Each structure stands twice: as C-alpha cells, then as structure tokens.
2 protein chains.
Amino acid sequence: MAERKPYHHGDLKRVLVEASRALVSEKGAAQFSVAQAARQAGVSTAAPYRHFRDREEMLDAVARDGLERLAERFRLVTGGLELGSVEAILRIGLAYIDFAVGDPAVFRLMFAELQQKSDGTCDAGEACHMHLLCHVAARMGRAEVDEEVFAAGLPLWTMVHGIAFLKLDGKFGEDCMPVALEPILRNAVERLLPGAP
Amino acid sequence: MAERKPYHHGDLKRVLVEASRALVSEKGAAQFSVAQAARQAGVSTAAPYRHFRDREEMLDAVARDGLERLAERFRLVTGGLELGSVEAILRIGLAYIDFAVGDPAVFRLMFAELQQKSDGTCDAGEACHMHLLCHVAARMGRAEVDEEVFAAGLPLWTMVHGIAFLKLDGKFGEDCMPVALEPILRNAVERLLPGAP
DNA sequence: AACATCATGTAAGTGGCTCTAACATGGAAT
DNA sequence: ATTCCATGTTAGAGCCACTTACATGATGTT
C-alpha cells in the first residue's frame with residue numbers, strides 16, 4: 001500500500017504547478033482558478049497561498065515552466081546541426097510555432113501581460129531568445145551577440161512570433177494553414193540574414 | 001438644466017462599450033469587470049446583461065471597436081499614397097505598431113483568444129488584413145487578392161504583428177527600442193516583396 | 001527523550017464578481 | 001386608452017480570491 005497521506009504532502013508546489021498547467025492548457029488562463037488547482041491537487045483552497053503570493057504568481061510559474069520547456073525543445077531540434085546554419089535557424093522557428101500550436105493557452109500565457117513577471121520567468125524567456133541569436137551571430141561570423149546581431153535577428157524572431165500568434169488566432173483560414181510554412185520561413189531566413197562569411 | 005435622467009437612458013450600449021474600453025485600457029482585460037463598467041456608466045450591475053450575453057461579449061465589443069479604429073487609421077495614413085508603394089505598406093506597418101504601443105491592453109484584446117468571437121469582430125479584423133493585402137496585390141501587379149498575394153503578404157503581416165507583441169512584452173530592452181524600427185521594416189518590405197512590374 | 005520552533009496544512013469568513021429571476025417603468029404600436 | 005416590449009432595477013445564488021486563526025508534524029536543541 002503505497003497510498004499513505006504523507007506527513008505534509010511532500011512537494012505540493014510542483015504538484016500545483018503541474019495541475020495549473022493542465023488547467024490552463026485545457027481551459028485557458030482566463031478560466032484558471034486557484035481553487036480548482038487546489039482541488040485537483042487534493043488540498044484545501046487555502047494551501048496554494050503557502051507557496052504562491054497570489055493567483056498571478058501561479059500563472060507566472062506556469063509561464064516560466066513553459067519557457068523552460070521551449071528552450072529545451074530548441075536544444076533538441078538543433079542538436080547536431082551546424083551553428084549558424086540555415087537549417088538550425090529554420091528548425092528553431094518551426095519548433096517555436098509547433099509549441100504554440102501544440103499548447104496554445106500556455107504559449108499565450110508565456111507572452112502574456114502579467115502585472116509583475118518574476119525574474120526567473122524573464123530569464124527563461126531571455127534564454128530562448130539567446131538560443132536563436134547565437135545561431136544568427138554564428139551565421140554573421142560574429143563571436144558574440146551584439147547590437148547588430150540583435151538587429152539582424154529581429155525580423156526573424158518577430159516574424160516567427162507573429163506567425164505563431166496569428167495561427168492561434170485562426171487568422172490563417174479554416175484549416176489553419178492555407179500555405180506551406182517551411183518554404184516561406186526558409187525564404188525569409190535566406191533573404192533577411194546577412195550571408196555567411 | 002441638461003441633467004435629467006432620461007426615460008430609459010438612451011443608448012446605454014454605446015456608453016457601456018466606451019466605459020469597458022476605458023477600463024480595459026487602464027487595467028487590462030483580465031482585471032476588467034462587468035460590475036465596474038456598469039458603475040462607471042451609472043447603471044445597476046445587472047443592466048449590461050440586457051445588451052450583452054456575458055462578460056466575454058462585452059470584451060468582444062471592445063475588441064471589435066479597436067479593430068475598426070485600427071482600420072480607420074490605416075485609411076488615414078495611406079491617404080494620398082500610391083497603391084502598392086513601399087511607402088504605403090511601410091506606413092501601415094508603423095501604424096499597426098503605433099496602435100499597439102498606444103493602447104497595449106486593447107491591442108492584446110483585439111488578438112486575444114475569446115471563446116466565441118462574434119462575426120462582426122472577425123470581419124473587422126479581416127478588413128484590417130485586407131487593407132494591407134490590397135497594397136501587396138497592387139505592388140505585385142495583381143488585380144485581386146489571391147493565394148499568392150496572401151503568401152507574399154504573410155511574412156510582412158506576421159513580422160509586424162510580432163514586433164508589436166514583442167514590444168508590448170518588453171522584449172526589446174529597457175527603453176523599449178534598442179534599434180530603429182523604420183529602416184528594418186523598410187528593408188524587409190523591399191527584400192521580401194516581389195518587385196513591382 | 002522532551003521540547004520548542006517553524007513550515008505547511010486546514011476551516012471558516014469577508015467581500016467582490018458573474019449571472020439569473022422577478023419585478024418596475026415608460027415609449028411605441030394598436 | 002390599452003397593451004406590449006425593450007430596458008431598467010432589486011435581490012440573491014454560487015463561485016472565487018485572499019485572510020485569519022488554528023492544527024500538525026518534521027526538525028533541531030538541550
């Protein structure tokens with residue numbers, strides 16, 4: 001019988017984040033409620049407030065979790081590819097869009113306006129951005145990510161971000177895909193990025 | 001004395017939309033409440049439900065209003081410019097971003113996930129998109145907006161949309177503007193769009 | 001081993017919110 | 001004048017965020 005109510009539950013915080021993530025994923029951040037997350041975790045509705053200041057801090061935790069998972073995906077899809085190759089940059093863009101389509105509500109939350117976003121969440125977002133910029137820098141033959149690299153990566157980053165959001169908003173017609181994405185992206189990468197050395 | 005409580009208030013619906021817009025603009029859609037909007041309009045908290053099915057339908061009305069105002073801006077900034085000129089397309093993009101920065105919360109709402117978006121709101125959004133696509137079509141020497149025009153406009157539309165959102169999310173550093181936007185946009189327009197005939 | 005402490009849980013309560021139901025009012029149609 | 005209906009009100013059910021006061025048990029001290 002492994003089922004014995006543990007002394008003080010163990011790591012409720014993690015369980016709550018997971019429950020929150022599921023709820024957001026299912027119903028959207030707007031419908032998310034602390035009370036439901038608590039019930040899902042099998043604790044009283046007051047328990048979450050021992051681990052999170054308020055509802056928003058719980059959502060922030062879900063956002064951060066999402067950003068970290070996105071960064072992990074970037075690592076996965078570019079594994080083994082040459083730093084700064086068109087292929088690698090393309091894969092990052094596609095992974096980004098894939099994530100958005102796969103878990104729209106969480107993706108929205110990751111880029112939503114929170115009154116006060118924790119430092120950890122900001123860092124997690126920054127890490128995602130940096131992953132792209134490193135490849136852009138390599139493609140430009142730069143050793144580090146400076147202003148110029150940032151400027152060069154901007155149109156790509158924003159374009160992919162825009163595609164992701166417009167897809168979520170159903171702005172792409174019925175089946176959500178009237179045109180093939182990959183060639184458009186590849187074309188953009190090749191045209192927008194300063195050529196390799 | 002112009003202050004006499006009118007028989008049945010006149011056009012409460014319009015007043016409520018305006019109040020809602022102000023509230024959303026000020027506090028964000030998440031903090032918006034039907035009750036507050038009603039109080040702001042000077043009616044009971046139940047009154048709004050004579051004009052809107054629920055809270056979401058009120059937000060939808062605010063979104064629609066925003067989309068219509070955006071379309072109006074497009075008309076303004078392209079007035080007198082040649083159809084299909086780089087200048088016109090550029091102005092549309094800048095107006096888009098300008099709107100986003102000027103009223104972030106409403107802009108977010110305009111592209112937010114609503115459970116059920118009214119047809120009117122969809123149409124208003126479509127009108128905005130079409131405004132851009134008409135210029136793109138003209139630039140490509142096409143008489144009408146077909147699949148190819150759509151595909152050509154996609155990277156631009158998405159890029160601008162992405163810039164707007166990333167700006168709102170403060171992803172552009174402290175002062176919200178580490179690089180000049182216009183040259184980047186102009187560059188993108190000139191490189192991405194098939195040349196004029 | 002006995003005890004104090006502190007993190008982490010619960011129960012109960014406050015005030016606000018969404019939305020509904022039953023009723024009120026007055027403008028417009030007959 | 002009478003009726004009807006759109007539009008307003010009051011009252012209330014049910015949910016939620018968050019707080020306060022209390023409970024419990026793991027941990028470190030003596």
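Reader: What kind of model is it, and how are things numbered?

Author: This is a predicted model, in which local features need pLDDT of at least 70, side-chain atom pairs count only at pLDDT 80 or more, and totals for chains, interfaces and linings use all residues. Residues are numbered from 1 along each chain as its sequence is written, chains are lettered from A and ligands numbered from 1 in the order in which they are written, and side-chain values use heavy atoms, with hydrogens and water left out.

Reader: How many helices and strands does chain A have?

Author: Chain A has 8 helices and 0 strands. Helices (H or I, at least four residues) and strands (E, at least two) are DSSP runs, numbered from the N terminus. Along the sequence the pattern of chain A reads α-α-α-α-α-α-α-α. Its C-alpha atoms fill a box of roughly 60 × 40 × 40 Å, taken along the principal axes.

Reader: What share of the residues in chain A is buried?

Author: Of the 197 residues in chain A, 49% are buried. Buried means under 20% relative accessible area, exposed means over 50%, and partly exposed is in between, with a 1.4 Å probe and protein chains only.

Reader: And which residues touch each other along the chain?

Author: Among contacts in chain A with a separation of 6 or more, 68% are between residues 24 or more positions apart. A contact means heavy atoms within 4.5 Å.

Reader: Into which domains is chain A divided?

Author: Chain A is divided into domain 1 (1-52) and domain 2 (64-192). Such bounds come from an automatic or database domain assignment. The centres of the two domains of chain A, taken over C-alpha atoms, are separated by 30 Å.

Reader: What lies between those two domains?

Author: In chain A, 5 residues of domain 1 are in contact with 6 residues of domain 2. Together these domains bury about 460 Å², 66% of it on carbon and sulfur atoms. In domain 1 of chain A, R21(A), V24(A) and S25(A) lose the most area to domain 2, together 74% of what that side buries. Buried area is the accessible area (1.4 Å probe) that two parts lose on being put together, summed over both. The count between these domains is 1 salt bridge. The side chains of R21(A) and D65(A) meet in a salt bridge, at 3.8 Å from N to O. The term salt bridge stands for a side-chain nitrogen of Lys or Arg within 4 Å of a carboxyl oxygen of Asp or Glu.

Reader: Let us change topic to helix 4 of chain A. What span should its 17 residues have?

Author: At 1.5 Å a residue, the 17 residues of helix 4 (residues 86-102) of chain A should span 24 Å, and the end C-alpha atoms are 24 Å apart, which agrees. The expected span is 1.5 Å times one less than the number of residues.

Reader: Which residues of that helix are buried, and what do they pack against?

Author: The buried residues of helix 4 of chain A include V86(A), I89(A), G93(A), Y96(A) and F99(A). The buried residues of this helix pack against helix 3 (55-77), helix 5 (104-110), helix 6 (119-139), helix 7 (147-168) and helix 8 (181-192) of chain A.

Reader: Where do chains A and B meet?

Author: Their contact takes 33 residues from chain B and 32 residues from chain A. The two chains bury about 3,000 Å² between them, 65% of it on carbon and sulfur atoms. Between chain B and chain A the count is 0 salt bridges. On the side of chain B that touches chain A, helix 7 (147-168) and helix 8 (181-192) of chain B each supply at least two residues. Helix 7 of chain B gives the most to that side, with 13 residues.

Reader: How many salt bridges are there over all chains?

Author: A search of the whole structure finds 27 salt bridges over all chains. One of them joins R69(A) and D103(A), whose closest N and O atoms are 4.0 Å apart. This pair links distant parts of the chain, with R69(A) in helix 3 of chain A and D103(A) in the loop between helix 4 and helix 5 of chain A, 34 residues apart.

Reader: Are R69(A) and D103(A) buried or partly exposed?

Author: R69(A) counts as partly exposed because its relative accessibility is 26%, whereas D103(A) is buried, with a relative accessible area of 10%.
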